[in-house]
Amino acid sequence: MAVVILPGLLAAEAGGQKRFELTATTLREALSALPVADLLLDERGDVRSLVHVYVDGERAQDLAVPLVASAQVRIVAAIAGG
Amino acid sequence: MQLLVGTRKGFFSVRGDDERRSFDVAGPYLTGWTINHAIADPRDGALYACTNNWVYGGTVHRSEDGGETWERTEGLGLPEDSELKLASTWHLEPGHPSQPGTLWLGGEPGVLFRSDDSGATWEVNRGVLEHPTRDRWQPGAGGLICHSITLDPTNADRLWIGISAAGVFRTEDGGATWQPANTGTEACFLPDDPFPEVGQCVHKLLAHPGRPDRLWQQNHCGIYRSDDGGEAWERLDENGVPSPFGFALALDPNDPDAAWVIPEEGAENRVTCNGRIGIYSTRDAGASWKLQIAQEPAWAAVLREGMSWDDRAVYAGTQSGFVYALCDGEIVEAARHLPPVLSVEAAPLQ
């Protein structure tokens, strides 16, 4: 199963759950299965511009990328604010 | 009573006694979110907040326990055929008393939503989304935002919205169609046509709850009042306020001739006038204005949602993190050192 790890604000929105184990064949399928999918993806299904997604340590630009069963997906918010 | 205070960094409940002399701050809640506006629905006591995050976008949260816990609206967005995407949420308004569960939501880019299930789902208003004048709308400093939604309590089909910088629009058919209602209001930043049909930069629009044909607006280019539901507007800021520019506006539910404003120096210097937080009030429908000073010296700002009222007092929250109550002629500090205050709404304590 792929593992998805959320940052703090998204984990709070997911009822306090930070780590999700999912069966998904693509990155889009994994993100869409999360209870915070609407915060990661906009109404067109595009990844929001300041949401960065890493698969096994590599920045993923394409949601169609296949996921291996052991994949670890990390959601990282762009550094911004003040 | 409580003040629902939206800030750049979370939501606070500021709870006051009956005399509006003593206040306690509870919170923050919804940490990590920027709260452009928060309201209590008088029909069921639920709280709603326009929640925004620079990474995760704009949405709405709802609380049934006075703000301790919140649930998010999922899937809020604009239809694909619009070729627009929702950028942020700005204003929530409970629907007409005859429509329990109905709420209105304003957002960016100049869009209006309606919910008929207490905020669980929202439907975009096509009349605003596809308005024939949309190509003449342009964003103000805060974006192209629908920030004011004000209802006629005597007629569920009649309401007004304010969009910066598109102006005021009125519907008489529950939102199916919208007519511009800007006659007499100036777009002073347009050198060629300062009185266009649309394009005015309304900053805050309110209908008086007891006399809904009487509308007030604080505009980029003046303070205005209409006595005919927005057919025509009369300018009021040449009667003793130090600047035509400002955002905050409050009314008295028992007196349609009363209003409060907090003018700012101008569009290029958005701080309160004359180095103080000056609250100007009228009791004669804008014929004259009286100053009360909340803080001096001070160079603050009170934003469009930063002023509210109930039947005892008027309240104002500043971008410098202070909240004031103006009650029986006295100004009381209700909260200090909050994050920058974006919105204040007075409500009964749940």
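Cys188(B) is partly exposed, with a relative accessibility of 42%, where partly exposed covers the range between buried, under 20% relative accessible area, and exposed, over 50%, for a 1.4 Å probe and protein chains only. Its partner in a disulfide is Cys221(B), with the two sulfur atoms 2.2 Å apart. The model is predicted, so that local features need pLDDT of at least 70 and side-chain atom pairs count only at pLDDT 80 or more, while totals for chains, interfaces and linings use all residues. Residues are numbered from 1 along each chain as its sequence is written, chains are lettered from A and ligands numbered from 1 in the order in which they are written, and side-chain values use heavy atoms, with hydrogens and water left out.

**The disulfide of chain B**

- A search of the whole structure, over all chains, finds one disulfide, the term meaning a pair of cysteine sulfur atoms within 2.5 Å.
- The link of Cys188(B) and Cys221(B) is left-handed, with -80° about the S-S bond.
- Cys188(B) sits in the loop between strand S15 (179–180) and strand S16 (202–208) of chain B, and Cys221(B) in the loop between strand S17 (211–219) and strand S18 (222–226), so the pair ties together parts that are 33 residues apart in sequence; strands (E, at least two residues) and helices (H or I, at least four) are DSSP runs numbered from the N terminus.
- Cys221(B) is buried, at a relative accessible area of 1%.

**Other cysteines of chain B**

- The sulfur of Cys146(B) has its closest cysteine sulfur in Cys50(B), at 10 Å, which is too far for a bond.
- Cys146(B) is buried at 0% relative accessibility, and Cys327(B) is likewise buried, with a relative accessible area of 0%.

**Fold and dimensions of chain A**

- Chain A has three helices and five strands, which follow the pattern β-α-β-α-α-β-β-β along the sequence.
- The radius of gyration of chain A is 12 Å, close to the 12 Å that the globule rule gives for 82 residues, so chain A is as compact as a globular protein of that length; the radius is taken over C-alpha atoms, and the rule is 2.2 Å times the number of residues to the power 0.38.
- Along the principal axes, the C-alpha atoms of chain A fill a box of roughly 35 × 25 × 25 Å.

**Packing of chain A**

- Of the 82 residues in chain A, 46% are buried.
- Among the contacts in chain A with a separation of 6 or more, 42% come from residues 24 or more positions apart, a contact being heavy atoms within 4.5 Å.
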